[in-house]
Amino acid sequence: MTTTIPPKIDFIDLKTQQKRIRENVDRRIAKVLDHGSYILGPEVKELEETLARYVGMKHCVSCGNGTDALLMALMAYDVKPGEAIFTPPFTFVATAEVVSLTGATPVFVDIDERTYNIDPAGLEKAIETFLEKKTGLRVRGIIPVDLFGQPADYDAIVTIAKRYGLFVLEDAAQGFGGMYKGGKTCSFGDIAATSFFPAKPLGCYGDGGAIFTNNDTVDEKLRSIRVHGQGVDKYDNVRIGINGRLDTMQAAVLLAKMEIFDEELKLREKVAKRYSEMLKGSVVTPYVNPDCISCWAQYSVLTDNRDAVMSKLKANNVPTAIYYPKPLHLQDAYKDLGYKRGDFPVSERIAAKVFSIPMHPYLDEATQDYIVGAIKASI
Ligand SMILES: *Cc1c(COP(=O)(O)O)cnc(C)c1O
């Protein structure tokens, strides 16, 4: 490259965002320090109401992180040993990990070649094949993932789920803010979980998560599970639960971030569109289903010579990351499930070619031009 190398490009820029909201965050945190309700304080309730309204669901139960959100959702559905849950292997490990934590068995289903989300046709086949094998496990639920910010194909998934009597838990940890057929993520299937890890589209300044449901009984159960399975009070325990609460401080941060969230989504969309126009023909750019609006948790591309491209980009100060280098069925942690290389060819092929480039609402055009130039020079 002939252009000068910029000193530092952020993969995700949280500093520019913080400058915008700093006063608001300071004011809200000072308020928490003043009232002193650090656990389940008024900000937690306000946040839950704000988020439920935002996604169009009756209930939002905030919690400690996205993994707990998924786990608590499974606990609320009484998922237990002897049950099978269908989920894609091309995702963050937490999606399947929570299934194992309940004692149930994750059953992997390959992804769609273009969206990288669970393939509905493959899902139906996987359920049929699984039932024919007569494993003795009861088929119970499906966890689709809104990977990189794009919602899965919920109409197709829910139709299949109904046919087999399964529940659908939406893993929207990367999807908050995305849309499918006019509805917001976290409103699909029976129950949804999201994460407020700092790097997610809506992130706090630590760990955080939330669960969404329209079902009053499930909502009550989740609130009990969140505080050690409490009944009338926390020293009355009616079920096994966890300590799954969101800190009041983090709720205060999220309330400040929600004030600019929609504007940030528009900025992300602009950055993504520009990337796709400029990178077309150089790498495989993200495919967005016409029914979907992505919240662009990641901007991920495919190339055959990924490792060489990534090291050239690194030499030019362009940060990149691989989400995800190894599909879950090939992880040591899942050896006992008995999968082998070749079982999920699409996931394996994408995992070998995919990498993500800087994506955040504050990526200016000059920096983006530099990143695109560096990619084109590295191919
Ligand atoms: C981040 C993530 C999670 C877990 O969220 P945490 O808040 O980190 O626990 C779960 N599933 C997916 C797909 C994720 O990207």
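## Helices around the ligand

In this predicted model, two helices each supply at least two residues of the shell around the ligand: α3, spanning 66-76, and α4, spanning 94-102. Of the elements that contribute, α3 gives the most, with 3 residues.

In total, 15 residues surround the ligand. Sorted by class, the shell has 7 polar, 6 nonpolar and 2 charged residues.

## Polar contacts and the pocket

Which atoms of the protein lie 2.7 Å from an oxygen atom of the ligand? One is a polar backbone atom of glycine 66, and another is a polar side-chain atom of serine 195. Glutamine 174 also takes part, with a polar side-chain atom 2.8 Å from a ligand oxygen. The protein covers 92% of the accessible area that the ligand has on its own, which is 380 Å².

As for where the ligand sits, the space it takes is the largest pocket.

## A sheet of three strands

Moving on to the strands, you will find an open sheet made of 3 of them, in the order β7-β6-β10 and with antiparallel pairing. The edges are β7 (183-184) and β10 (292-293), each of which pairs on one side only. Strands of a sheet can pair in a parallel or antiparallel way, through hydrogen bonds of the backbone.

How many bridges join β6 to β7? There are 2, and these strands run antiparallel, with β6 covering residues 179-180.

## Two backbone details in loops

Two spots in the loops are worth a look on screen. The peptide bond that joins tyrosine 323 and tyrosine 324 is cis, with omega at about 5 degrees. Tyrosine 324 belongs to the loop that runs between α9 (306-315) and α10 (345-353).

The other spot is aspartate 78, in the loop between α3 and β2 (83-87). Here phi is near 55 degrees, a positive value in a residue other than glycine. The helix on one side of this loop, α3, is the one that gives the most residues to the ligand shell.

Methods: Residues are numbered from 1 along each chain as its sequence is written. This is a predicted model: local features need pLDDT of at least 70, side-chain atom pairs count only at pLDDT 80 or more; totals for chains, interfaces and linings use all residues. Side-chain values use heavy atoms; hydrogens and water are left out. Two strands pair if DSSP finds at least two bridges between them. Helices (H or I, at least four residues) and strands (E, at least two) are DSSP runs, numbered from the N terminus. A residue is near a molecule or strand if one of its heavy atoms lies within 4 Å of it. A polar contact is a pair of N or O atoms within 3.5 Å; within protein, one must be able to donate a hydrogen and the other to accept it, and residues adjacent in sequence count only if both atoms are side-chain atoms. Accessible areas come from the Shrake-Rupley method with a 1.4 Å probe; for residues, only the protein chains shown count as cover. On a 1 Å grid over the protein atoms alone, a cavity is a set of points where a 1.4 Å probe fits but cannot get out, and a pocket is an open set with protein on both sides within 12 Å along at least five of seven lines; lining residues have an atom within 4 Å of a point. A molecule sits in a cavity or pocket if more than half of its atoms lie within 2 Å of its grid points. Ala, Val, Leu, Ile, Met, Phe, Trp, Tyr, Cys and Pro count as nonpolar, Asp, Glu, Lys and Arg as charged, and the others, Gly among them, as polar.
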